[in-house]
Amino acid sequence: LDFLAKTAVKNLIIALGTNDAAGVVDVTACTNSTNQMLDDGIAAGIRMWLADAPWSPDQARAERTQQVNAVFAAIRAQRNGAVGRGPDFFSGFLGHAEDFPTSSDPGGRDDVHPSKNYNRWRDIAANDIAARGYPLAA
């Protein structure tokens, strides 16, 4: 996050995609790198937010993502308010299997990338920002 010292960023949301949260990354490594990014942002005077990773229609991936989101909740709790909860992409995609490519779509079935409705990403983030009133200053 070296770029942070060179920008006017006041708020930064850290978010994992489904593929990362659902098993591509080791939870310990993910925890360590997430904490490092949070430390770097806080040291640069930026208000840091940690988002919940998105739901997947694949049950094993959804369960794994819930485990990662529990780790993120623990990280937020350990930091006593220094890190806010970012957008809840898990709940936002929960039950929306129609957003994920199926076997009849070009490229085939994909339980990792909810790419059929990019507007949902935008709407989840925008609604979260509006509801929480992200501060304009660090």
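I started with Asn80, which counts as exposed because its relative accessibility is 70%; exposed means over 50% relative accessible area, buried under 20%, partly exposed in between (1.4 Å probe, protein chains only).

A note on what I'm looking at: this is a predicted model, where local features need pLDDT of at least 70, side-chain atom pairs count only at pLDDT 80 or more, and totals for chains, interfaces and linings use all residues. Residues are numbered from 1 along each chain as its sequence is written, and side-chain values use heavy atoms, with hydrogens and water left out.

Back to Asn80: I found it in the loop between helix 3 (59-78) and strand 3 (83-88). Helices (H or I, at least four residues) and strands (E, at least two) are DSSP runs, numbered from the N terminus. Phi of Asn80 is near 45°, a positive value in a residue other than glycine.

Next I looked up Asp99, in the loop between helix 4 (89-93) and helix 5 (118-132). Asp99 has a relative accessible area of 3%, so it is buried. I checked its contacts (heavy atoms within 4.5 Å). Leaving out residues up to four places away in sequence, Asp99 touches Phe93, His113, Pro114, Ser115, Lys116, Asn117 and Arg120.
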